[in-house]
Amino acid sequence: MKRALLAFILCAPLCFGLEQIIEPKERMTKNVLFLLDVSGSMGADDLTKAVGAVTQIATQNTDDLNVAVLAFEDDRPRWKGIPGTEPDGGPPEGWAAMPSQEGAKKLADWLNGLTGGGGTNLYDAMRDGMHVRQPRKGPLTVVVVTDDKIDAQQKA
C-alpha cells in the first residue's frame, strides 16, 4: 500500500505573527515529520519562533500523534524521539507518540539546544526526510519550518 505524503511550509517569521503559511490541501495526518531550518539565516528571533511553532504543534493535546524532527543546515541532526519500536509497541526510532509529558520535555530540551549556523540545505533535508523510517500506520505529513532564504545554488 502506498503512503500518501502531505507537506506544507511554515515560514519562521510567520510563526506567532509570521508572514506566510502555505496551507495543506488536506488535514494533517497522525504522523508528522518536522523539517526545521536552523541555518545561519535564521536569526535568534526567527529560530526562537520556529522552535516555538514546532513545540506548540507537536505537543498539542490530541489523540494519537506521532512526531519526528529533523533539523537542517549543512548538517541534518535528528531528534532521537521516544521509540516504542513497533509492532505495535509504538513508533519506531526517531519518533515519539504524543501527547506525552516525557515526549514534550525531551523534544523541548532538544529543540532549545539547537543553534543556527551553516547553509539552508532544504533539498538535502527533504531527501533525508523521505528516507526516514515511518510509523506503520497512516500517511506522513511533512511540515517545513524555514525563513525561506534558500541558498542560490540549491535552487538550480
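## Strand E4 and its neighbours

Leu33 stands opposite Ala68 in strand E4. The chain gets from E3 to E4 by way of helix H1 (residues 44-58), in a right-handed β-α-β crossover; right-handed here means that, with the strands pointing away from the viewer, the path from the first strand over the helix to the second runs clockwise. This is a predicted model, in which local features need pLDDT of at least 70 and side-chain atom pairs count only at pLDDT 80 or more, while totals for chains, interfaces and linings use all residues. Residues are numbered from 1 along each chain as its sequence is written, and side-chain values use heavy atoms, leaving out hydrogens and water.

E3 (residues 31-37) and E4 run parallel, joined by seven bridges. E4 also pairs with strand E5 (residues 96-98), this time antiparallel through three bridges, and Leu65 stands opposite Met98 in E5. Strands pair if DSSP finds at least two bridges between them. Helices (H or I, at least four residues) and strands (E, at least two) are DSSP runs, numbered from the N terminus.

## A strand covered on both faces

Eight of the eight residues of E4 (residues 65-72) are buried, so the strand is largely enclosed by the rest of the structure. Buried means under 20% relative accessible area (1.4 Å probe, protein chains only). In a regular strand, side chains alternate between the two faces of the sheet. On one side of E4 the buried residues are Leu65, Val67, Val69 and Ala71; on the other they are Asn66, Ala68, Leu70 and Phe72.

## A buried loop threonine

Now to Thr120, found in the loop between helix H2 (101-112) and helix H3 (122-130). Thr120 is buried, at 2% relative accessible area.

Methods
Buried < 20%, exposed > 50% of the residue type's maximum accessible area, 1.4 Å probe, protein only.
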